[in-house]
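Subject: Handing over the structure

Hi,

I am passing this structure on to you, and I hope you enjoy looking through it. Please open it alongside this message.

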Amino acid sequence: MSEILVLAELTPTGVRKATLELLTIARGLGEPSAVVCGDATEDVVALLGTYGATTVYAVSAPEIEQFLSLPKAEVVVTLAERVRPGAILITSGPEGKDVAARVAVRLDSGLITDAVDVSAEGATITTTQSVFAGAFHVRSEVVRGTPVITVMPNAVTAEAAPAQPRVKSVDVAFSDRAKGSVVISRTPKGSSARPDLADAAVIVSGGRGVGSEAGLGVIEKLADALGGAVGVTRAVSDLHWAPHDLQIGQTGKTVAPGLYIAAGVSGAIQHRAGMQSSKTIVAVNKDPKAPIFSIADFGVVGDLHTVLPALVDEIDKRRI
Amino acid sequence: MRIVVLVKHVPEPTAAWSFAPDQTLDRGAVAGRLSELDEYAIEQAVRLVEGGIDAEITYLTVGPQSAKDGLLKALAIGGAKGVHVLDDAIHGSDSLATSLVLAKALEHLGFDLVLAGMSSTDAAMSVIPSMVAERLGVSQATFAGSLSVDGTTVSITRESDTATAHVRVELPAVVSITDQTDEARYPAFRAIMMAKKKPIETLSLADIGVEPGAVGLAAAATRVVAVSSAPAKAAGTVVVDDDGTGAAQLADFLVARGAL
């Protein structure tokens with residue numbers, strides 16, 4: 001079986017959940033190898049092993065933090081030329097897209113973005129994408145070079161399959177071109193107790209129906225009761241009731257959590273494009289004709305300002 | 001300074017899209033428009049010039065005949081001229097081939113700063129700016145939430161879930177612009193009429209030195225195996241909360257789904 005390179009992403013507390021999902025996918029395609037750009041601590045290696053990484057390539061170099069995206073692309077290209085992997089898996093997102101794009105051109109290899117499923121039959125790897133606001137499923141394969149595939153977070157559930165990874169330290173000589181985009185500073189955002197939108201298993205989103213910035217409070221309370229993230233529609237972010245980086249939709253973030261609760265969201269196609277792949281969709285809206293009900297697994301026609309607080313109470317009751 | 005803004009004419013996002021027999025998007029079947037996200041890049045280009053940077057703005061597009069409409073819309077917002085790479089051989093190109101055509105056209109035109117939207121609203125891959133930068137051998141500053149230019153230095157901010165990064169690149173460079181930047185102005189009627197008088201140059205693959213065999217469906221490094229309509233979702237349960245039990249019923253549903 002050929003190696004499958006998984007570009008791992010580290011967090012201050014360990015490994016991003018989306019990386020464990022990639023390893024889960026990679027096990028179905030070949031031998032998963034994790035590429036760690038940064039400090040491959042014992043804990044990081046152990047966690048990657050728990051999810052099936054048989055090799056951990058550890059690349060530690062100051063350039064990775066100093067310059068945007070390109071050093072990581074050169075790490076992946078260097079490893080790809082050395083080990084001839086069966087595929088390269090990267091999590092979808094701004095940095096993932098930068099890296100995947102550069103790698104695909106350098107390797108002259110087919111690139112598939114935002115896959116929601118990746119499977120193998122013999123040596124052929126087939127991807128599934130959900131496109132045009134989820135209206136179509138497109139199955140594709142790469143017919144030239146090493147398949148470079150970016151995968152949506154939450155596409156699969158990460159499942160453990162313990163392996164004992166061997167750790168290989170890799171030196172990469174970065175080109176001058178990799179040092180073109182200089183990161184002057186990184187300002188961490190006030191750490192929220194809530195999970196990141198991209199990785200959240202539960203998202204509660206508010207639309208114009210929340211009525212005001214203060215009205216988002218009921219959204220936040222429900223999100224916290226469910227351990228989820230808060231999202232908003234474009235209308236809410238355009239009204240400056242919430243920061244733009246919480247916006248879900250065609251011009252915001254694309255998410256696919258296990259549970260998506262849309263409250264006061266009409267369900268315009270621009271919003272649906274960003275959340276339609278969610279596994280379970282719940283809608284709460286005063287307007288029974290709101291298009292969001294057409295894609296909801298469960299809908300409540302009612303005022304979100306009474307239904308959501310009542311739901312928080314119901315959740316509390318059922319958890320005692 | 002030569003600013004080139006990459007623009008794309010896309011099917012209207014709210015239309016019902018369909019696929020042609022060769023499994024490419026049927027662009028003739030629905031009305032098109034300038035990709036909404038490109039407007040942010042256009043607006044930034046126009047603001048740079050208004051802010052006193054001595055630059056000429058050119059728009060570059062690749063696409064069928066109708067793609068010219070995207071150039072006209074862009075020219076109504078501002079800028080000097082449009083360039084349309086039009087060649088039947090391009091049909092069905094994947095991202096690798098599209099980035100090749102764009103890079104060759106940019107080399108043909110000359111450029112200092114290339115601006116692009118963060119994504120098209122049709123293919124929505126968000127990879128063309130990086131690919132073009134790679135092919136041109138220049139730096140990139142992608143997903144910019146704000147942009148400033150000082151001499152030959154471009155500075156951007158870039159938001160992620162966890163941090164705001166400030167990134168600096170030297171020209172020449174490719175920069176992609178997010179919708180966190182200023183909304184594009186709405187062109188006045190007069191500007192729309194004036195745009196029709198601005199020059200639009202049409203280039204073929206031969207003009208920019210791209211072999212027809214290097215692009216198009218046959219040369220694509222990816223192949224669509226099958227396209228299917230997503231299975232229609234079975235209509236969900238909808239309850240009306242006129243008796244105050246809506247939340248309890250919803251909680252029951254969440255329990256049944258294992259969400260609580």
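Predicted model: local features only at pLDDT ≥ 70, side-chain atom pairs only at ≥ 80, totals over all residues.

Next, have a look at a place where chains A and B meet in one sheet. Here 4 strands form an open, antiparallel sheet, and their order is β12(A)-β10(B)-β9(B)-β8(B). At the edges are β12 (182–188) of chain A and β8 (146–150) of chain B, each pairing on one side only. From one strand to the next, the twist averages 15°.

Inside this sheet, you can follow β9 (residues 153–159) of chain B as it pairs with β10 (residues 163–170) of chain B: the two are antiparallel and share 7 bridges.

**The parallel sheet of chain B**

Chain B also has an open sheet of 7 strands, with parallel pairing, in the order β7-β11-β6-β1-β4-β5-β12. The strands at its edges are β7 (139–144) and β12 (200–203) of chain B; each has a single partner strand, so one side of each is left without a neighbour in the sheet. On average, and ignoring direction, neighbouring strands of this sheet are turned by 20° against each other.

Strand β5 (residues 81–85) of chain B runs parallel to β12(B), and 4 bridges join them. One pair to look for is B:His84 with its bridge partner in β12(B), B:Thr202. Across β4 (56–62), β5 and β12 of chain B lies helix α2 (residues 68–77) of chain B, which runs at about 165° to β5(B).

In chain A, helix α4 (residues 70–83) packs against helix α5 (residues 94–107) at an angle of about 45°, and their axes are 9 Å apart. The helices α4(A) and α5(A) are therefore oblique to each other, and their crossing is right-handed. Residues that make the contact include A:Leu70, A:Val76, A:Val77 and A:Glu81 of α4(A), along with A:Glu95, A:Val99, A:Arg102 and A:Leu107 of α5(A). By type, the residues of this contact divide into 8 nonpolar, no polar and 6 charged.

In chain B, helix α3 (residues 95–109) and helix α4 (residues 128–136) pack at about 55°, with 9 Å between their axes. That angle makes α3(B) oblique to α4(B), and α3(B) passes α4(B) in a right-handed crossing. Among the residues in contact are B:Ser95, B:Leu96, B:Leu100 and B:Glu107 of α3(B), and B:Ile128, B:Met131 and B:Arg135 of α4(B). The contact of α3(B) with α4(B) consists of 9 nonpolar, 3 polar and 2 charged residues.

Conventions: Residues numbered from 1 in each chain as written. Chains lettered and ligands numbered in written order. Heavy atoms only, no water. Axes fitted to C-alpha atoms, helices over the stretch in contact; angles between N-to-C directions. Parallel < 35°, antiparallel > 145°, perpendicular 65-115°, else oblique. Left-handed = near helix turned anticlockwise from the far one by under 90°. Contact = heavy atoms within 4.5 Å. Nonpolar A, V, L, I, M, F, W, Y, C, P; charged D, E, K, R; others polar. Pairing = 2+ DSSP bridges.
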